[in-house]
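The following report describes one protein chain for a reader who is new to structural terms. Please keep the sequence and the model in view while reading.

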Amino acid sequence: GWRDLRAADDRGSPLASDVEAGLVAEELGRGLADTAYVGPLLAGDLRRVAGAGPSEATETVALTADLAALADGAAAVAVDARGARRALRIEGTTVVAVPIEAAASHDVDLTRLAVVMDAAGEAEPVGEVAADELVRWTALGLALSSADLVGVMRGALDLACEYVAVRRQYDTAVGSFQAVQHLLADAHVAMEGSRSAALHGAWAVDALDPPDALAAAASAKAYCARAARLVCETSIQVHGGIGNTWECKAHLYLRRALVSSDLLGDLGVNLRRVLEHEIGAGVGLR
């Protein structure tokens with residue numbers, strides 16, 4: 001039932017808060033779970049705000065080729081598509097469902113299937129969505145991908161700490177070397193800061209007006225995207241030579257972080273969102 005956490009209850013509100021949904025995303029990221037979660041959850045929430053009932057078949061969402069926004073048109077990438085038969089995208093203000101017919105696979109993240117969709121699929125209208133609701137939905141996607149990044153950082157750090165505790169050089173555990181300790185300490189600080197930012201962004205989705213929620217979630221996503229690359233690359237570095245091989249799981253965390261960083265906008269996209277919000281709110285910038 002995790003994928004239905006944002007489905008509508010009897011009052012039309014989501015069954016669970018975004019904070020609760022984000023906690024699940026964080027744990028799945030930490031464990032490199034190869035099950036589809038964020039995509040189907042976003043599809044369920046999009047159906048809710050479009051006033052449509054739940055789908056009988058598993059669905060996900062279709063994003064633009066750079067993964068930065070909900071696809072508005074034919075060309076798209078169906079993310080988190082394992083087990084999904086259809087993907088939801090937008091046509092103006094109308095949410096439509098299109099069958100997932102693979103043209104190619106998106107092979108960066110080896111733990112979650114993404115499919116470059118065939119543009120020829122027939123679209124089935126699902127419902128209409130207001131502009132404000134689409135803004136809040138985007139904030140939800142940013143918050144969930146931020147939570148996934150936090151989980152990825154936790155998993156990468158756990159993997160690194162376990163390794164340096166047992167790997168020995170000069171008859172000494174490499175984790176006792178100050179250079180390694182400093183790298184891991186900095187990575188831990190980056191991860192903890194990201195978790196605080198991600199929790200605030202998740203809280204904002206349900207608590208603030210849509211523009212403010214988007215700004216908070218975009219700020220969290222920018223912070224988490226910057227930190228996740230640092231943490232995952234640090235994990236690879238402290239593994240030494242084996243960190244660059246298929247035998248070590250560190251590269252799986254980095255791959256997942258790279259894709260999650262792009263979901264609904266990377267660092268640059270989200271910094272622009274925050275800037276535009278601050279300017280619109282009349283906040284002086286120096």
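Strands β1 and β2 (residues 77-78) pair in the antiparallel sense over 2 bridges, where two strands count as paired if DSSP finds at least two bridges between them. The strands named here are DSSP runs of E with at least two residues, helices are runs of H or I with at least four residues, and both are numbered from the N terminus. Within this pairing, Leu63 stands opposite Val77 in β2.

The model is predicted, so local features need pLDDT of at least 70 and side-chain atom pairs count only at pLDDT 80 or more, while totals for chains, interfaces and linings use all residues. Residues are numbered from 1 along each chain as its sequence is written, and side-chain values use heavy atoms, with hydrogens and water left out.

**The chain as a whole**

The chain has 7 helices and 9 strands. Its radius of gyration, taken over C-alpha atoms, is 19 Å, which agrees with the value near 19 Å for a compact globule of 286 residues; the globule rule is 2.2 Å times the number of residues to the power 0.38. The C-alpha trace spans about 65 × 45 × 35 Å along its principal axes.

Of the 286 residues, 50% are buried. Buried means under 20% relative accessible area, exposed means over 50%, and partly exposed lies in between, with a 1.4 Å probe and protein chains only. Contacts are heavy atoms within 4.5 Å; among those with a separation of 6 or more, 69% join residues 24 or more positions apart.

Strand β1 (residues 59-63) is mostly covered, as 5 of its 5 residues are buried.

Strand β3 is largely enclosed by the rest of the structure, because 5 of its 6 residues are buried. β3 also pairs with β4 (residues 94-99), in the antiparallel sense and over 6 bridges. Glu91 has Thr94 in β4 as its bridge partner. The hairpin of β3 and β4 has 2 residues between the strands, and Gly92 takes a positive phi near 70° there. As a general point, the side chains in a regular strand alternate between the two faces of the sheet.

Which residues have a positive phi without being glycine? Leu32 is one of them, with phi near 50°, and Leu67 is another, with phi of about 70°. Leu32 lies in the loop between α1 (18-30) and α2 (38-49), whereas Leu67 lies in the loop between β1 and β2. The table gives their relative accessibility together with that of Asn270, a residue of helix α7 (residues 267-280).

| Residue | Relative accessibility | Class |
|---|---|---|
| Leu32 | 12% | buried |
| Leu67 | 3% | buried |
| Asn270 | 0% | buried |

What does Asn270 touch, not counting residues up to four places away in sequence? Its contacts are Leu142, Ala218, Lys221, Ala222, Leu264 and Gly265.
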